[in-house]
Amino acid sequence: MMERAMEQLNVQLSRLTRSLRRARTVELPEDNETAVYTLMPMVMADQHRSVSELLLNSKFDVNYAFGRVKRSLLHIAANCGSVECLVLLLKRGANPNYQDISGCTPLHLAARNGQKKCMGKLLEYNADVNICNNEGLTALKYDYFLVSLLLCDSKLNNFGVWTKQNIMLQTVLCLLDSGADINRPNVSGATPLYFACSHGQRDTAQILLSRGAKYLADKNGITPLDLCVQGGYGETCEILIQHHGRLFQTLIQMTQNDEIKESMLRQVLEHVSQQSDGHYPRILTSLAEVATTNGHKLLSLSSSFDAQMKSLLRIVRIFCHVFCLGPSSPNSGNDMCYNGNKTPRSQVFKPLELLWHSLDEWLVLISTELDRNRKNPSSSSSGSEIASLLLKQCEATDNSGSAPKIPSLMDPQIVIETEVYADGEDVISMTANRLSAVIQAFYMCCSCQMPQGMTSPRFIEFVCKHDNVLKCFVTRNPRIIFNHFHFLLECPELMSRFMHIIKGQPFKDRCEWFYEHLLAGQPDSDMVHRPVNENDILLIHRDSIFRSSCEMVSKSTNEKLKQGIAVRFHGEEGMGQGVVREWFDILSNEIINPDYALFTQSADGTTFQPNSNSSVNPDHLNYFRFAGQILGLALYHRQLVNIYFTRSFYKHILGIPVSYQDVSSIDPEYAKNLQWILDNDISDLGLELTFSVETDVFGAMEEVPLKPGGTSILVTQDNKAEYVQLVTELRMTRAIQPQINAFLQGFHTFIPPSLIQLFDEYELELLLSGMPEIDVQDWVRNTEYTSGYDTQEPIIQWFWEVVKSLTQEERVLLLQFVTGSSRVPHGGFAFLMGGSGLQKFTVAAVAFTSNLLPTSSTCINMLKLPEYPSQEVLRDRLLVALHCGSYGYTMA
Amino acid sequence: MSETYDFLFKFLVIGSAGTGKSCLLHQFIENKFKQDSNHTIGVEFGSRVVNVGGKTVKLQIWDTAGQERFRSVTRSYYRGAAGALLVYDITSRETYNALTNWLTDARTLASPNIAIILCGNKKDLDADREVTFLEASRFAQENDLMFLETSALTGENVEEGFLKCARTILNKIDSGELDPERMGSGIQYGDASLRQLRQPRGTTTQNKQHCSC
């Protein structure tokens, strides 16, 4: 109570002081007429604080009209541009549409005096633009530009496009009816048409154009068409073109301007192409012509490779998009009018034929050059000689100071223009990138005429025809594959020709390529925070994670799952990437739960593969398909799973044949026996083996032939290799074929087989399960040494120093190299398993001879490390072995 | 912003190896002589906007390799050319003798009514002349070609050569002999031609009514 009293006292005191200081009372007179004259000067001077204070607690009617013309205070504020007071009055309920004696609203006055901010505020408070004053004019009549500027104001964004369009239209009509200059530009040279276009206001643009508005650029040379394209306003563009036919070519030429957003331009062209039967072929033919010129420029060696290449591919992309839309009226599908003649739809590709013809001639030329070099090997010098020669030339041209203008390209060899005589080698290196980019464009054009998933026979024929040249290109510069030969990923029949080159490329590059292509069809794969539809959330029960996940995933569609996954656990709030990660983690762990009998552990206990007896679970094949889906989905969304499969199962996923060494993962003893058969002459041993095996099928032994009539074919020294292969396939593949097939069926719904081929089994493990963390300290603690080595040996010290300096990836390679697995077992290196029980990581000495590389015996986890003379040599040899020799075992 | 022009013409520069085609183009575009020029590989490209008879014309010029081994590649650029500079070297009768072949190529592959100007290049090397002016001009007359002797070194007649050819094409457009709208004519309208554009039928009359106000 005391505080309240004190507070009131303070308020009164401060009022008193203020009153004294300003020499007037701070209370508003009771009567409106007196009050309004007190307030008016303050409003005129925009003394909003004073006005606010006075209005506080007063009973003054803010809409009180006074004086000869019966204006309200809001009129005064609008007239004088007193924005703060204006807002204050509006907040206190002043009527924005109050008309004075001449019928003018505050908006009229603001517009007449160019009070831009006031107009904005009045519009915000729903001032009606359509009220006419006694002269029959709306407020907008007074100043068109201020209104249009207001419309650009972001503060007015809450108006919505329709309202804006309406205001604009009203304005323009008033303006025109009152005989104003339709082309009057504002200070920056922008005309009404310019404004209409910058907001994509089709109707307004239409009226302006039909009443003869000129097509003028602003002072910066930006034209109304530029604005339409920037905003992607197809309808407005269409109107501009209707009125100014030449703009059509300008629009087409815009495809060469890399400052314009491709998506917007495409949107515009797609819209325009659908407006009439004639537009579709006309746009495409023009695009094809532009693309052809661009392609020819790209093939000119002095042009900028980068700019021309990007430009060509952009145009061709747009071209293909528009083409795929089809003509506007479907009935004219196959034969439609072009220049009055009935011509097929494919006619639009005709201009491009010139470019494809040049491409073909270029490749033929290069093929002849290659042949000439081959026949005349004396003229082609070795690589290093060429390089030094070229370097000299480079210096020479630099020194001469008049080096021809040559763009900087990826390959330094391409940069160099030859002196006097252009050698065949140089022609190839200078044109390879350019030709490859044109080939990419050619493929795009060929495939957009084909149904989804089919490769154009013409393109296949093309690749076959120029096989040797294309191979020559990619051998010289493998980057070409990733940059331009995307077609390989879509055409398995062509892929096989280049596979060996692709496999030789760094894992990282192939990974990028893989994802680039995998996600190419997804419209907003770059959108991280996609709004999630409540129905698309996978609601998972933690206590029945496997079953509920299976249900949810099968209910959803593949397309939705590709777009994004949102998971919520039943009864929990959490959502987002973290939950998705957790879901993949625990679900993958659940898939290998022995209770489901889907997967069995390998001999060393760290990896899994399908259980040949999984049929105890009657629904097992469905579950395998589900497991495949989950793995595919995880890979698709770059999520890691918590399962490690056997080497052989990764091979199954990749479609690579298994080898007898893979048997060791399920039966190391048996693998040793197979090895022994291969290593020894079995002719005189009397093994009496036939091409058959006895298998235990739920307790009953059955003899299964390895090939037709196998039970009566003896295994001999000559056919033992075949026997080993067949027996391997039986153990590793045939026994679990249905499971593998079901798994792959699920996996391939998200990951096309042609794409996964880019990787080998080690890389696939890395992609699915991620890079394992390797604790070097633990590794050192759990390592043994034999045949002369011990921890004190300098070479061992060197070895660990090298290991510490390796990257995580290289350490994994080393582990893989020695143990055959990239995994550290659960519990650390102490639990490393060998062929027969625990087997620690071992380093053994080997006598050093020059160039000898380290070798390993994976079944006993032994690294055979030659006694290298220095740490440098050790490091060098070890890395060579890791990078080249981590697969392709030779049994030592 | 992009340059504006009324028309775009596609031009070719053809002729035997070493006659100075690239130097002519370089002189035309850069206004200087190209020292230590190499053999062109394939086809090179250059463009310049010129003013011909009150019209701005963008010349898109394809400079072809003269060497025989590039012949099939260069031929693939001929189609849709509106004009060509056929170049020989006045100090080399061999290059002059090859003209007939080049001419046949151009007329069959490009278009029968392609505007061709014959350029006897290296005019500055008059001392080593092997082909007389009279002889070449007679050849030009017989084959319905324009003719100039040029020097890429001094720049003499280089500009004239290109302009003369462009002018001929413009005249043909004015007389209606050439239709720029026809596909493969080697001619395109530029955006500057907007000013005197021919509006689509129907809207033209309407526009006029309102323009008068």
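**Figure 1. Where helix α31 of chain A meets helix α35 of chain A.** In this predicted model, Leu621(A), Phe624(A), Arg625(A), Phe626(A), Ala627(A), Gly628(A), Gln629(A), Leu631(A) and Gly632(A) of α31(A) are in contact with Pro738(A), Gln739(A), Ala742(A), Phe743(A), Leu744(A), Gln745(A), Gly746(A) and Phe747(A) of α35(A) (contact: C-beta atoms, placed from the backbone, within 7 Å). Sorted by type, the residues of this contact are 10 nonpolar, six polar and one charged (nonpolar: Ala, Val, Leu, Ile, Met, Phe, Trp, Tyr, Cys and Pro; charged: Asp, Glu, Lys and Arg; polar: the others, Gly among them). Helices here are DSSP runs of H or I with at least four residues, and strands are runs of E with at least two, numbered from the N terminus. Residues are numbered from 1 along each chain as its sequence is written, while chains are lettered from A, and ligands numbered from 1, in the order in which they are written. Local features need pLDDT of at least 70 and side-chain atom pairs count only at pLDDT 80 or more, whereas totals for chains, interfaces and linings use all residues.

**Figure 2. How α31(A) and α35(A) cross.** Helix α31 (residues 620-636) and helix α35 (residues 737-747), both of chain A, pack at about 40° with their axes 6 Å apart (axes: lines fitted to C-alpha atoms over the stretch in contact; angles: 0 to 180 degrees between N-to-C directions). That angle makes α31(A) oblique to α35(A) (roughly parallel: under 35 degrees; roughly antiparallel: over 145; roughly perpendicular: 65 to 115; oblique: the rest). The crossing is right-handed (near helix turned clockwise from the far one by less than a right angle; left-handed if anticlockwise).

**Figure 3. The largest nonpolar core, around Ala84(B) and Leu86(B).** This core has 194 residues, and Ala84(B) and Leu86(B) have the most contacts inside it (core: buried Ala, Val, Leu, Ile, Met, Phe, Trp, Tyr and Cys joined through C-beta atoms within 7 Å; buried: 20 or more other C-beta atoms within 10 Å of the residue's own). Helix α21 (residues 424-447) of chain A gives the most to this core, with 13 residues. Leaving aside residues up to four places away in sequence, Ala84(B) touches Phe11(B), Leu12(B), Ile14(B), Ala106(B), Ala110(B), Ile114(B) and Ile116(B).

**Figure 4. A second, separate core.** It has 34 residues, including Leu28(A), Ala35(A), Ala111(A) and Ala127(A).

**Figure 5. Chain B and its elements.** Chain B has seven helices and seven strands, and 46% of its 213 residues count as buried.

Notes. Contact = placed C-beta atoms within 7 Å. Buried ≥ 20, exposed ≤ 12 C-beta atoms within 10 Å, placed from the backbone.
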